[in-house]
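Please keep the sequence and the model open while reading the numbered points.

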Amino acid sequence: MPAGVSISAVTAAFGVSLLRKVLKIAAKRKAMVHHARQLLSLERAAAKESTHLKKFADADIASYTAFLDARRRQATNAELERRQRKLISVPLNSARCALSVLRLCAKAAPLIRGSVFADLASAAILLEAATRATLLCLETNLRTNPDTA
């Protein structure tokens, strides 16, 4: 069942989609002709990160399920440690990815004008919230063992 990390990764992916929309719209504007290449480059970078975020949502569910399964069947300490490392690496990498896209928002901000600026700001808010929620889950995973339920 999806929980904090996977929902945060999906939320970040929505933020990326919004950023990509803003960058595509801005790149088509006549006033932005001199910045179109830069905007489209940012859009391509955001698209790459979006693919990763969607994978992290699924990876979080899979790693959590695998950890609980290993614990239920009383797996070896080595396997449990390996599963727990995955519980840490997935949210860590998801947060890094969302932060990377948040940096793209910051790079785009000076170039964005008009009504789509609100969409850019909304994308940044979604990405920040997703990152904060993911890091909260990560911190919890580092301090405690995941629930057995």
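Predicted model: local features only at pLDDT ≥ 70, side-chain atom pairs only at ≥ 80, totals over all residues.

1. Residues are numbered from 1 along each chain as its sequence is written, and side-chain values use heavy atoms, with hydrogens and water left out.

2. The protein chain holds four helices and zero strands, and from the N terminus on its elements follow the order α-α-α-α. Helices (H or I, at least four residues) and strands (E, at least two) are DSSP runs, numbered from the N terminus. Taken along the principal axes, the box filled by the C-alpha atoms is roughly 65 × 20 × 20 Å.

3. Of the 149 residues in the protein chain, 38% are buried, where buried means under 20% relative accessible area, exposed over 50%, and partly exposed in between (1.4 Å probe, protein chains only). Among contacts (heavy atoms within 4.5 Å) with a separation of 6 or more, 78% join residues 24 or more positions apart.

4. The protein chain exposes about 8,600 Å², and carbon and sulfur atoms supply 59% of that area; accessible areas come from the Shrake-Rupley method with a 1.4 Å probe, and for residues only the protein chains shown count as cover. There are 24 positive and 11 negative side chains, with the centres of the two sets 10 Å apart. Lys and Arg count as positive and Asp and Glu as negative, His and the chain ends not being counted, and each charge is placed at NZ of Lys, CZ of Arg, CG of Asp or CD of Glu.

5. Which residues touch the most other members of the largest nonpolar core? They are Leu 19, Leu 39, Leu 53, Ile 112, Leu 120 and Leu 127, in a core of 32 residues. The elements giving two or more residues to this core are α1 (4-28), α2 (36-72), α3 (77-108) and α4 (116-143), and α1 gives the most, with 10 residues. Another core, of six residues, lies apart from it and includes Phe 67, Ala 70, Ala 75 and Leu 87. A nonpolar core is a set of buried Ala, Val, Leu, Ile, Met, Phe, Trp, Tyr and Cys residues joined through side-chain atoms within 4.5 Å.

6. Leaving aside neighbours within four places in sequence, Leu 120 is in contact with Leu 19, Val 22, Cys 105, Ala 108, Ala 109 and Ile 112.

7. How many disulfides does a search of the whole structure find? The search finds zero, a disulfide being a pair of cysteine sulfur atoms within 2.5 Å. The sulfur of Cys 97 is 12 Å from the closest cysteine sulfur, that of Cys 105, which is too far for a bond. Cys 97 counts as buried at 5% relative accessibility, and Cys 105 counts as buried at 4%.

8. Ser 63, in helix α2, is buried with a relative accessible area of 5%, and, not counting residues up to four places away in sequence, Ser 63 touches Lys 86, Leu 87 and Val 90. Asn 141, in helix α4, is buried with a relative accessible area of 13%; leaving aside neighbours within four places in sequence, Asn 141 is in contact with Gln 84, Leu 87 and Pro 91.

9. Gln 74 sits in the loop between α2 and α3, and its phi is near 55°, a positive value in a residue other than glycine. Gln 74 counts as exposed, at 71% relative accessibility.
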